[in-house]
Amino acid sequence: MDTGNYWEQVFQGNNGYYMDVDNPSRKIIVDYIKESDTVLELGCGGGALKSLLPKNKYTGIDYS
């Protein structure tokens with residue numbers, strides 16, 4: 001089995017879930033984060049939250 005593109009196959013067609021920057025829960029979270037805050041996101045998936053925090057120091061970690 002070729003696992004080199006496994007996660008790309010898993011995420012294919014699911015961008016509405018993993019990369020939805022309009023997701024209401026992400027918007028609520030962003031309201032609590034100041035521009036000066038450093039953000040560590042565990043389980044970040046494709047990193048949609050990062051795009052909502054362009055001025056923050058951000059690190060995202062995900063199993064994929």
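In what order do the elements of the protein chain run from the N terminus on? They run α-α-α-β-α-β. This is a predicted model, in which local features need pLDDT of at least 70 and side-chain atom pairs count only at pLDDT 80 or more, while totals for chains, interfaces and linings use all residues. Residues are numbered from 1 along each chain as its sequence is written, and side-chain values use heavy atoms, with hydrogens and water left out.

**Stop 1: the whole chain**

Show the protein chain as a cartoon. Look for four helices and two strands. Both kinds of element are DSSP runs numbered from the N terminus: helices are H or I with at least four residues, strands are E with at least two.

Now switch to a surface view. The accessible surface comes to about 5,000 Å². Carbon and sulfur atoms hold 53% of that surface. Such areas come from the Shrake-Rupley method with a 1.4 Å probe; for residues, only the protein chains shown count as cover.

How much of the chain is buried? Buried residues make up 20% of the 64 residues. Buried means under 20% relative accessible area, exposed means over 50%, and partly exposed lies in between (1.4 Å probe, protein chains only).

Contacts come next; a contact means heavy atoms within 4.5 Å. Take the contacts between residues at least 6 apart in sequence: 22% of them join residues at least 24 apart.

**Stop 2: the core**

Select Val30, Val39, Cys44, Leu49, Leu53 and Tyr58. These six residues form the largest nonpolar core. Such a core is a set of buried Ala, Val, Leu, Ile, Met, Phe, Trp, Tyr and Cys residues joined through side-chain atoms within 4.5 Å.

Stay on Leu49. Not counting residues up to four places away in sequence, Leu49 touches Arg26, Val30 and Glu41.

**Stop 3**

Move to Glu41, in strand β1. Glu41 is buried yet has no salt bridge. A salt bridge is a side-chain nitrogen of Lys or Arg within 4 Å of a carboxyl oxygen of Asp or Glu. Which side chain of opposite charge is nearest to Glu41? The nearest is Arg26, 5.3 Å away. For charge, Lys and Arg count as positive and Asp and Glu as negative; His and the chain ends are not counted.

Show the surroundings of Glu41. Leaving aside neighbours within four places in sequence, Glu41 is in contact with Leu49, Tyr58, Thr59, Gly60 and Ile61.

**Stop 4: the salt bridge**

How many salt bridges does the rule give? The count comes to one. Select Glu35 and Lys55: their side chains meet in a salt bridge (4.0 Å, N to O). Glu35 lies in the loop between α3 (24-31) and β1 (38-42) and Lys55 in the loop between α4 (48-51) and β2 (57-61), so the pair ties together parts that are 20 residues apart in sequence.

Are these two buried or exposed? Glu35 counts as exposed at 53% relative accessibility. Lys55 is exposed too, with a relative accessible area of 62%.

Check the other surroundings of Glu35. Beyond neighbours within four places in sequence, Glu35 is in contact with Lys55 and Asn56. From Glu35 to Pro54, C-alpha to C-alpha, is 8.6 Å in space and 19 residues in sequence.

**Stop 5: Asn56**

Select Asn56, in the loop between α4 and β2. Asn56 is buried, with a relative accessible area of 8%. Leaving aside neighbours within four places in sequence, its contacts are Ile33, Lys34, Glu35, Ser36, Asp37, Val39 and Lys50.

**Stop 6: the nonpolar patch**

Go back to the surface and select Leu40, Leu42 and Ile61. They form a nonpolar patch with about 330 Å² of accessible area together. Patches are made of residues with over 30% relative accessible area and no salt bridge: like charges are joined within 9 Å, nonpolar side chains (Val, Leu, Ile, Met, Phe, Trp, Tyr) within 5 Å. Leu40 is found in strand β1. With a relative accessible area of 54%, Leu40 is exposed.

**Stop 7: two glycines**

End in the loop between β1 and α4, with Gly43 and Gly46. Gly43 counts as exposed at 53% relative accessibility. Gly46 is partly exposed at 45%.

Gly43 and Ile61 are separated by 5.8 Å, and by 18 residues along the chain. Gly46 and Ile61 are separated by 9.7 Å, and by 15 residues along the chain. Leaving aside neighbours within four places in sequence, Gly43 is in contact with Ile61 and Asp62.
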